[in-house]
Amino acid sequence: MSKTSLRTSPAEGGLGDEPLLAVEDLHVEFVTRAGIVRAVNGVSYSLNPGETLAVLGESGSGKSVTAQAIMGILDMPPARIPKGEIRFRGTDLLKLSDEARTQVRGQRISMIFQDALSALNPVFTVGWQISEMFRVHRGMNKRDAMAKAVELMDRVRIPAAKQRVNDYPHQFSGGMRQRIMIAMSIALDPEVLIADEPTTALDVTVQAQIMELLAELQRESNMGLILITHDLGVVADVADKIAVMYAGRIVENAPVYDIYRAPAHPYTKGLLESIPRVDQKGQELYAIKGLPPNLLDMPTGCAFHPRCPYRQDNCVTDAPPLYGISGARNSACHYWREVLDGDPR
Amino acid sequence: MSDTPQAGPAGPDTQTLTPETAPVAPPSRGRRRKKEGKPASLWTDAWHDLRRRPMFIFSLVLIAILLIMSFWPSLFTSINPLDARTCDLSTARQGPSAGHLFGRDNLGCDVYARTIYGAGNSILIGVSTTIITAVVGGLLGLIAGTRGGLTDTVSSRVTEVFFAIPQILGALLITATFRDKGLGIWIVVIALSVLAWPMTFRIMRAAVITARSQDFVIAARALGASQSRIMFGHLLPNAIAPVIVVSTINLGGFIAAEAALSFLGVGVQSPDISWGLMIADARSRFLEAPLPLVFPAVFLSITVLAFIMMGDAVRDALDPKLR
């Protein structure tokens with residue numbers, strides 16, 4: 001039942017107020033020997049067709065775990081989702097059966113990974129791997145599927161696709177491998193594409209090409225793109241809105257322009273100030289002091305308070321809610337006004 | 001940013017792409033591809049490597065001869081040793097002669113013909129046991145490695161129980177218990193398989209666990225592959241190489257084990273012919289007539305050696321770290 005409703009709804013296109021994908025108060029924890037690690041603590045974000053959401057944060061901030069929860073590829077156990085909803089076109093994915101979930105994966109919501117070499121199966125040719133998507137999910141025969149694979153490789157701009165279709169992943173350069181990964185993930189025309197640090201393993205010129213390719217594919221197919229990254233430079237160009245994560249929570253949530261103009265959370269501000277700039281050549285680069293919190297032993301109150309230059313006494317005791325600033329903007333800081341206004345230091 | 005026409009994104013993009021691919025593309029499509037018409041995968045690379053190994057070629061030739069010998073023994077000898085009329089008690093333990101190159105055994109049968117016909121049972125038992133252990137152990141190892149958790153724990157403990165049984169003693173027990181059930185030589189296959197599958201199980205399980213945690217398995221899941229597709233389409237092809245290597249090496253071991261069991265009197269039974277049985281029969285009169293023992297023993301050694309050499313060569317070819 002849920003499967004059929006999921007299948008038919010996109011054809012109608014009538015979404016109403018419901019976004020394409022909505023994560024609602026998501027909690028993910030891992031049961032480990034040392035205790036329960038709360039990797040994601042009440043994350044909410046939404047994505048509309050054709051929109052790019054950048055999820056920003058340090059390693060361990062929960063951005064990848066959120067993505068894996070959306071994909072349903074967390075190993076459970078040790079992971080568990082005690083609370084929250086992931087609504088895709090109004091259907092809560094967490095309530096679907098395994099079988100219905102598999103139908104969504106790859107076909108409706110797809111994902112690309114950081115390191116394309118390890119994300120591609122080393123024992124099969126890339127053509128085989130791309131065409132597998134069509135053979136398994138679309139029931140195509142080998143020849144048609146292979147032809148589609150070549151077509152896709154052309155679409156992601158792999159030169160001489162026809163000759164290279166029978167090559168193995170290790171015979172491609174990093175950028176080309178990521179293109180193949182992208183080809184596989186868009187093979188079935190997904191409505192949402194999650195890119196988990198797609199350019200981290202690549203050098204800068206190739207990064208730009210991959211981002212451009214993603215932006216272009218998105219324009220062509222109007223899919224929603226969730227871009228997980230810790231690279232603010234990558235984000236500025238392509239994202240429509242940004243969610244900044246810290247210690248498993250969203251600390252700031254805003255259209256991309258607003259964040260770059262004036263961050264409303266001290267953590268975002270710290271991130272932006274730690275980007276090297278040419279006009280500061282020779283000066284010491286700003287770094288956020290301290291370390292990200294241990295998820296087993298979270299600070300009381302605001303998780304960022306031990307590192308925060310704006311800290312007041314109540315930050316240690318009261319966890320800040322996501323304050324609405326304006327329209328689509330939120331900040332989880334008691335003193336967002338001060339942060340917006342300027343520098344306390 | 002997205003509205004501005006990118007001055008033909010294809011133009012600058014493809015241009016900058018060419019240098020990126022340049023260092024990788026030519027070697028992959030160059031010499032080797034032209035020669036073999038196929039790209040370099042693990043298997044084509046391994047084959048390429050194997051063809052240059054004298055040890056592999058040598059063992060391959062030996063195994064080919066042994067296989068022909070076991071399927072068409074009459075190509076090698078005109079005497080059918082299974083026919084009792086070819087034996088002549090009055091010529092027992094006669095030395096080599098024109099028609100009987102290896103001489104005659106205790107019952108006056110031709111040693112050469114019996115040795116040739118003995119290859120069949122040895123190879124049959126060795127190959128069957130290898131296939132059974134590879135399939136059973138491999139499949140269970142694949143399931144245990146993929147599933148993990150309780151399935152893995154239970155099956156791993158079960159294999160440990162089997163590992164605790166001494167091979168020959170266990171096989172002796174099984175064959176001695178079921179020897180009257182009319183299973184013929186298959187009782188040897190069953191006994192050896194029951195005791196040997198845990199080894200393949202362990203190797204497959206370990207290889208699957210290594211493969212399972214790799215990104216491409218997670219990626220396959222994220223792209224909608226089902227559990228069975230991941231198991232057979234992604235894990236198995238990545239984990240099968242060590243199983244093939246160990247199975248090839250084991251094959252020689254199984255042939256030796258069959259000979260040992262037959263020698264002990266619980267393996268292949270007369271009138272079936274087996275090298276182990278021939279060695280056992282010739283043992284009592286070894287000092288008077290050594291040849292009826294020496295010839296099957298030499299054939300046995302060469303056969304076991306051929307398979308172990310083949311296994312070694314395959315292992316070297318499949319393990320890039322040893323190159």
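Predicted model: local features only at pLDDT ≥ 70, side-chain atom pairs only at ≥ 80, totals over all residues.
Local features here need pLDDT of at least 70 and side-chain atom pairs 80 or more, while totals for chains, interfaces and linings use all residues. Residues count from 1 along each chain as its sequence is written, chains are lettered from A and ligands numbered from 1 in the order written, and side-chain values use heavy atoms, without hydrogens and water.

**Stop 1: the sheet**

Start by selecting the strands β6-β7-β8-β3-β9-β10-β12-β11 of chain A: in that order, these eight form an open sheet with mixed pairing. Helices (H or I, at least four residues) and strands (E, at least two) are DSSP runs numbered from the N terminus, and two strands pair if DSSP finds at least two bridges between them. At the edges you will find β6 (109–112) and β11 (323–326) of chain A, each with a single partner strand, so one side of each has no neighbour in the sheet. From one strand to the next, the twist averages 20°.

Now pick β9 (241–246) and β10 (249–255) of chain A, which pair in the antiparallel sense over six bridges. Within β10(A), A:Glu252 is the bridge partner of A:Val244.

**Stop 2: two helices on the sheet**

Angles run from 0 to 180 degrees between N-to-C directions, with axes fitted to C-alpha atoms, for helices over the stretch in contact. Helix α12 (266–273) of chain A touches β3, β9 and β10 of chain A, and its direction makes about 105° with that of β9(A).

**Stop 3: charged pairs**

Next, show side chains. A salt bridge here is a Lys or Arg side-chain nitrogen within 4 Å of an Asp or Glu carboxyl oxygen; the count over all chains is 27.

Select A:Glu51 and A:Lys241, which meet in a salt bridge at 3.4 Å, N to O. The two are 190 residues apart, A:Glu51 in the loop between β2 and β3 and A:Lys241 in β9 of chain A. Are they buried or exposed? A:Glu51 is buried at 15% relative accessible area, and A:Lys241 is buried at 17%. Buried means under 20%, exposed over 50%, partly exposed in between (1.4 Å probe, protein chains only).

Then try A:Arg261 and A:Asp258, a salt bridge at 3.8 Å, N to O. A:Arg261 is exposed at 55%, whereas A:Asp258 is buried at 17%.

Finish in chain B, where B:Asp49, B:Arg53, B:Asp312, B:Arg315 and B:Asp316 are linked in a network of salt bridges.

Notes: Contact = heavy atoms within 4.5 Å.
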